[in-house]
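The following questions and answers go through one protein model. Please look at the structure first.

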Amino acid sequence: MFPHISSTLRTLTAAMLLAVGTSAMGETIGTLTYDLNASTLKATVTGYTSAPAGTLTIPATVTAADGKNYSVTTVGANAFRDTDITALVLPTSVTTINASAFEGCSKLAALNLDVATVYQHAFKSCTALKTLTVSVKTRLSSGVFENCCGLETTTINALPATYYTSIFAGCTGTLVINNWSDNYGISSRNPINGAAFTTIDYKAASVVGCIGYNMPHLTTVNLYSPTSVSYSMALLSNCPNVKDINVVGTSSVLRSVDGVTYRVNGSALTMYYYPEGKAYCQLPAEVTGIGAYFAGPATGKVIPATFDLSLLTRSISIQQPTSGAGFRPAVVLNPMGHDLSYFNGEGTEIITVAPALEGDVNSDGKVNMYDIDKVRHAILQQ
């Protein structure tokens with residue numbers, strides 16, 4: 001009765017079918033489901049027909065019902081969430097892993113991640129994960145590895161220019177850094193902000209940026225044969241339980257003595273960074289200065305530590321930390337009477353005489369080494 005309407009419907013139906021044919025369409029291939037894009041011949045794996053267990057291998061290509069081969073480039077959001085996979089094999093064709101794709105895979109034991117982009121919570125709460133290697137090149141979003149609390153070793157081979165907060169929050173064990181960037185500063189945007197790593201093995205040649213931020217579980221940092229150091233930023237920030245920072249191997253720029261790092265300048269040393277959780281430090285005789293970033297950005301904070309200057313035979317220079325930043329030791333043993341005006345009046349007790357210790361004071365009013373030994377012993381016994 002209305003031929004023009006029938007003609008219009010036929011035209012619209014043909015257009016809709018054409019649109020469906022050139023856009024993403026769902027298909028099951030083997031035991032996995034995919035969204036296929038006939039225009040780009042790319043596929044996103046979206047899930048499964050039978051819940052996977054054991055090793056999950058994502059294929060590089062799949063052949064669809066239309067006879068065409070599709071390159072698998074993406075793992076879809078929530079695709080394998082809460083499944084019982086124990087291992088994951090990803091082809092090089094996969095460049096993107098979407099949000100929560102493997103979240104809650106509590107039996108996944110090891111992961112080597114070499115992709116371009118990983119979105120938020122992709123591997124959150126993979127609590128059985130023991131070893132993790134990260135080589136992400138473009139983007140890591142928030143909480144990607146959050147609460148992977150069974151980790152023993154995490155290795156960073158590459159980190160992206162774009163990164164978000166709490167990437168490794170709650171991650172434990174040892175962090176091995178083979179690549180780092182000076183873009184990673186003292187802020188909540190630092191990639192390892194809030195992580196629960198206890199040890200950092202820093203193996204990048206250049207020590208740049210802040211390599212630990214807001215990490216209360218961190219106790220030890222090892223710097224492996226550094227060849228260059230940036231002195232424009234504190235090495236660590238808000239890591240109150242670090243007791244040792246060690247230089248491992250040979251280095252012409254840094255040296256460590258009893259867990260404290262010093263900048264090498266010929267035969268002289270300048271304190272580079274003092275671990276905030278260390279209670280006592282006797283500065284080597286070669287020390288001539290304390291650098292501007294020796295203590296991080298905790299402005300005016302006094303830590304329960306003692307600097308013992310009794311081995312120093314020459315004057316020492318203490319640099320004013322940038323913007324007034326830097327914590328201060330509670331006690332400085334200063335028998336040689338070095339000028340410590342930076343510490344005076346700032347909550348630090350400068351001990352140059354000790355009349356309570358049997359009155360053993362030299363004629364010049366300074367404590368002799370016998371008294372300093374007593375003071376040191378008393379402090380170490382506390």
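**Burial, core and pairings**

Of the 382 residues in the protein chain, 46% are buried, where buried means under 20% relative accessible area, exposed over 50% and partly exposed in between (1.4 Å probe, protein chains only). This is a predicted model: local features need pLDDT of at least 70, side-chain atom pairs count only at pLDDT 80 or more, and totals for chains, interfaces and linings use all residues. Residues are numbered from 1 along each chain as its sequence is written, and side-chain values use heavy atoms, with hydrogens and water left out.

Q: How many helices and strands are in the protein chain?
A: Helices (H or I, at least four residues) and strands (E, at least two) are DSSP runs, numbered from the N terminus. By that assignment the protein chain has 2 helices and 31 strands.

Q: What share of the contacts with a separation of 6 or more joins residues 24 or more positions apart?
A: A contact means heavy atoms within 4.5 Å. Among contacts in the protein chain with a separation of 6 or more, the share from residues 24 or more positions apart is 44%.

Q: Why is S25 largely enclosed by the rest of the structure?
A: The answer lies in the burial of the strand's own residues. S25 is largely enclosed because its buried residues number 6 of 6.

Q: Which strand is joined to S25 in parallel?
A: Two strands pair if DSSP finds at least two bridges between them. S24 pairs with S25 in the antiparallel sense over 5 bridges, and these two strands form a hairpin with 2 residues between them, where Gly266 in the turn has a positive phi of about 65°. Val264 stands opposite Leu269 in S25, while Thr270 stands opposite Gly289 in S27. The strand that runs parallel to S25, joined by 3 bridges, is S27.

Q: Which residues does Phe102 touch?
A: Phe102 is among the residues with the most contacts inside the largest nonpolar core. Not counting residues up to four places away in sequence, Phe102 touches Leu56, Val75, Phe80, Ile85, Leu88, Ile97, Ala122, Phe123 and Cys126.

Q: Which residue forms a salt bridge with Glu103?
A: A salt bridge is a side-chain nitrogen of Lys or Arg within 4 Å of a carboxyl oxygen of Asp or Glu, and a search of the whole structure finds 6 of them. With the closest N and O atoms 3.3 Å apart, the partner of Glu103 is Arg81.

Q: How many residues apart in sequence are the parts that Glu286 and Arg255 tie together?
A: The side chains of Glu286 and Arg255 meet in a salt bridge at 3.3 Å, N to O. Glu286 is partly exposed at 27% relative accessibility, and Arg255 is partly exposed at 34%. Glu286 lies in the loop between strand S26 (280-282) and strand S27 (287-290) and Arg255 lies in strand S23 (residues 254-257), so the parts tied together are apart in sequence by 31 residues.

Q: Is Asp258, the salt-bridge partner of Lys278, buried or exposed?
A: The side chains of Lys278 and Asp258 meet at 4.0 Å, N to O. Lys278 is in the loop between S25 and S26, and Asp258 is in the loop between S23 and strand S24 (260-265), 20 residues apart. Lys278 counts as buried at 11% relative accessibility. Asp258, at 57%, counts as exposed.

Q: How far is the sulfur of Cys149 from the closest cysteine sulfur?
A: A disulfide is a pair of cysteine sulfur atoms within 2.5 Å, and the structure holds 0 disulfides. For Cys148, buried at 0% relative accessibility, the nearest cysteine sulfur is that of Cys171, 5.0 Å away. Cys149 is partly exposed at 41%. Its closest cysteine sulfur is in Cys148, too far for a bond, at a distance of 7.7 Å.

Terms used
A nonpolar core is a set of buried Ala, Val, Leu, Ile, Met, Phe, Trp, Tyr and Cys residues joined through side-chain atoms within 4.5 Å.
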